[in-house]
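Take a look at the chain below. We will walk through some of its charged side chains.

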Amino acid sequence: MSYAAPFSLLWRNAGDPVQAELFGEDSCIESWLSVERALATAQASLGVIGPSDAEAIVRAARIGNIDRDRLWRDAQNVGYPILGLVRQISAHCPAGPDGRVHYGATTQDIMDTALALQMSRSLEALDEQLQRLGDALAERATEHAGTVMPGRTHAQQAVPTTFGATLATLLDQVRRQRTRLQQAHERIAVVSLFGAGGTNAAEGPRSVGIRSRLAAELGLADVPVPWHVDRDVLSEYGWICATIAGTCAKLGRNIVDLSRTEIGEVFEPFTSHRGASSTMPQKVNPISSELMIGVGAVAGALASGLVRIQEAGHERAAGEWYLVPNLGCLAGSALGEALVVAEGMRVDPQRMAANLDLDGGLIMAEAMMIQLAPAMGREHAHDLVYEAAERAREQKRTLHEIMPVVAAEQGRADLLPEHLVRPSDYVGEAGRIASTAVERWRTTRALPAGPAIADLGG
């Protein structure tokens, strides 16, 4: 059975294969089947259904027994896929066990628990990518802890910094994202089994035990209060994915700006015709960075829908089918492109040094003001340097050349130090910032990977 979906150049060019598989058709069906198998096993362990019935259900609830065309036809007719799925499982069971499939559960129990499995595995995969990204950034930050470059505010040169220090802030953001992801994983990897109206009445007096056993079978956490209409669990997953994409977009924006012809300090990795133009032979476009920026924009737009899915009323929810898998795939795609850049970036320290002298070295204005302040006071130093900067710009001369002239005119020549400050003298805590960010990153730990969905529930 075919279905209508637009072709996506984004997914074709930058789709993440791991996330696409986790949220793909096979994984979706298999996750539902895993929950059905685990439910039967849990019920049998407490005597709700017989062991032989559970064994028959586990054997029947296999993806090879599912007629997909029929499953999706039934899903379109019913509105949800689980009724049709249960009937196909039942059809592969002998008489007796066929009446024990999906016993006491409702559609949303299966779909939410299955989605929790998918989101859990998705976060584990994203965590692996964050590990690689952080490691690559830590290596670059260490390598360039002392590489002096212009710091920029409002797209203009501001004060000197080091490339390692600029990478350190991004590295620490990656560390925070990893912490958020791991904290969210605890709230997202949870079972849902509370029946049609949230009371779990259909599971009978052993309902609490069944839910606990079901969670254990699937490697999820048990919860004593239903979340089937409290979709903050799904929203948290979506926000994590969106903000991870935003972190990658930040990296992409910096690379695009720093690789401009007029700046030329940092570039993406290069292979023949990577980022080439169909008409301008000289072009080496920052394609991964542009993809990160684009993915971040799409993720941000989709994230606005996460608040709306939390409006679910009464005892049933809907609306996350598109948002959750797409945000997971966007985060994976953004991280994939970030890894390309972080692991293969090309840095030009000589160009960074040369750019410090652009505009007559006016990037040292604050540094000179601070250097002069003890002798003449901050405000007098500010006015002296301001006048010198204006003169240097007008006369196309350097700030270092003009400072003695203006100081002499103002009768302050005797207050100038023997040597005016240079860029490498004015990077403050840059080295410590780089090393501290790397040290903090090294203390992070990976999420333990759970078993594949197909291996769960029997």
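Which residue forms a salt bridge with Arg187? The partner is Glu236, with the closest N and O atoms 2.6 Å apart. The two sit in distant parts of the chain: Arg187 in helix α8 (residues 163–188), Glu236 in helix α10 (residues 232–258), 49 residues apart. Arg187 is partly exposed, at a relative accessible area of 44%.

A word on the source and the terms. This is a predicted model; local features need pLDDT of at least 70, side-chain atom pairs count only at pLDDT 80 or more, and totals for chains, interfaces and linings use all residues. Residues are numbered from 1 along each chain as its sequence is written, and side-chain values use heavy atoms, leaving out hydrogens and water. A salt bridge is a side-chain nitrogen of Lys or Arg within 4 Å of a carboxyl oxygen of Asp or Glu. Helices (H or I, at least four residues) are DSSP runs, numbered from the N terminus. Partly exposed lies between buried (under 20% relative accessible area) and exposed (over 50%), using a 1.4 Å probe and protein chains only.

By the salt-bridge rule, the count is 27. Arg68 takes part in a salt bridge with Glu25, at 3.2 Å from N to O. Arg68 lies in helix α5 (residues 68–78) and Glu25 in helix α3 (residues 25–45), so this pair ties together parts 43 residues apart in sequence. Arg68 also meets Asp26 in a salt bridge, at 2.5 Å from N to O. Asp26 is in helix α3 too, 42 residues from Arg68. Asp26 is partly exposed, at 45% relative accessible area.
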